[in-house]
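Please read them alongside the coordinates.

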Amino acid sequence: MGWDGIDVLIVSGDAYVDHPTFGAALIGRWLVAHGYRVGIAAQPDWHDISSIMHMGRPRLFAGVTAGALDSMLAHYTAFKKRRSEDAYTPGGVMGRRPDRAIIVYTNLVRQAFRGLPVVIGGIEASLRRAAHYDFWSNKLRRSILPDSKADALVYGMGERAILEIARSLESSGNETPAKALWGIRGVAVMGQPDSTPAFAEVEELPSFEEISSDPAKLMQATLIMERHVHQAKAWAVQPTGNRAVLMAPPAEPLSTAEMDQLYGLPFARGQHPSYTQPVPGLETVIDSITSHRGCGGGCSFCSLALHQGRVVRSRSAESIIAEAEHLTRGPDWRGSISDVGGPSANMWGAVCTGHKASCKRASCLTPRRCKHFEVDQQAIAGLLDRVAATDGVKHLRVASGVRFDLGMESPEYLEALISRYVGGQLKIAPEHISAPVLQLMRKPRLEVFERFLETFNAISIRAGKEQYVVPYLLSAFPGCLDRDMIELGQWLRRRGWQPRQVQCFVPTPGTVATAMFHAQVDEHGRSISVAKDVPQRKKQHDLLFSPPGKTSQTSNHRPQNHKGRKKR
């Protein structure tokens, strides 16, 4: 690069993959595009400070991220067993990042570069920005900001915030990092509880101490945090001891033009050439295209509402097609685009025509679609057709999950999707079929899913294709009883389905469902039953695979196909 040093060092728990679906690459490229010199320390040896010192002391600050996943989720299963593979490490090798990576890496930076400002971000920092229940230690933890002793925390999608941090530190002179970074939107710092700007709108969360003594207050805090992401002018404050976590108003999402600029940067779309083994997490996305961010679903177990937000921001069709053309010119082009989508494939171009800052809804789609949530799904079908028609593209598939209740509002979209862009299997997330559980999840009713299945089968038959729905299901969800799992198991057996995509609920930090798990109340404060220990959770999980009283076993049988036959 011809540089004699770096301005920003990014320390990441993931291997370095220069692809727009990897956060360190996205933030690094964005800073470089705005004139800053960036170095990446990918999966450094946290026992050796020299592992992050090869490029010298950064001029401005170090950014620390655990990577694409919370490090505890990356390491442990729903039954708290150590995982055998890390998809974001060359060769899938486990153990290349520490537990609680943000805290460990921040300490490493402090030892290596005394006095250097440290900014934490990414999914682990974002979801742990306030007091949260930690499933793996089975206890309430403070915000990760004071626990890591970082100078600031970036929450949400960080491009705007990280650029303003760089500019602020560059112009701050002799100011302390806390003063230089205070008030930047999308950034949290530690301070006194009453030190928010005069006349600012403030959402005060129950303190860490209050939640510790009354777990039900975690639900109150979580719902405030969920709203805060969408309130453009509000601060959020959570007292902790004699100080407080001060969260400035959320950063404004990138515009379409800015999204186009970001995803148009010169990514190599590959892993670092020093790696001798493939990074498994790259294989599934290497030929994919991200079309948008955000999701209006607001599912209670999903971290998207707390991190990306419910407001959808989309790239232009021209930018997406330009990326498809770029893919076809790559040396390793294989002829197929594996995905064009985002958190939900059929939300590209969605807009909210209401007043977002005053919106009280937790979901734009349940219990029914909000009249202000508008999306032209015929336009999405048209976009897919244009991408598929790009010279050199032989196949186009949609691998992102599809919000089936929204899809049912557009027969034209479903016709295009199912007849032309399903690669044999379509990912759908009903999660459950029991009405009380679906309500707690903020998911659509069973009858909507069953109508979708009928539509899927009918379109597949007309297209002359043998295709399958791959349903994602959750067991041991808060409020789910054994009888609900039995009901789900019976429904699956009546259809001849023995599912493979079943996940026992994992209480990830910050979500409404995790607050339900810890406090044993729903979002209205009503008591619910929760399968909390491993034997209870395992029992519910096993009920999906065999009737009560029978020996549980996992089957690799595929779902019933569109002609009603069972497939071995």
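1. Asp99 and Arg82 form a salt bridge, with 3.3 Å between the closest N and O atoms. This pair links distant parts of the chain, 17 residues apart, with Asp99 and Arg82 each placed in the loop between helix H2 (71-75) and helix H3 (101-112). The model is a predicted one. Asp99 is partly exposed at 27% relative accessibility, and Arg82 is likewise partly exposed, at 42%.

2. A second salt bridge brings together the side chains of Glu203 and Arg227, at 3.9 Å from N to O. Distant parts of the chain are again linked: Glu203 belongs to strand S10 (residues 201-204) and Arg227 to helix H9 (residues 216-228), 24 residues apart. Glu203 has a relative accessible area of 16% and therefore counts as buried, the limit being under 20%. Arg227, with 30%, is partly exposed.

3. Within helix H21 (residues 534-542), Asp542 and Lys538 lie 4 residues apart, about one turn of the helix. Their side chains form a salt bridge whose closest N and O atoms are 3.1 Å apart. Both partners are partly exposed: Asp542 has a relative accessibility of 21%, and Lys538 one of 37%.

4. For the structure as a whole, the search returns 32 salt bridges. Among them are the Asp99 to Arg82 pair, the Glu203 to Arg227 pair and the Asp542 to Lys538 pair.

Conventions. Residues numbered from 1 in each chain as written. Predicted model: local features only at pLDDT ≥ 70, side-chain atom pairs only at ≥ 80, totals over all residues. Heavy atoms only, no water. Salt bridge = Lys/Arg side-chain N within 4 Å of Asp/Glu carboxyl O. Helix = DSSP H or I, 4+ residues; strand = E, 2+ residues; numbered from the N terminus. Buried < 20%, exposed > 50% of the residue type's maximum accessible area, 1.4 Å probe, protein only.
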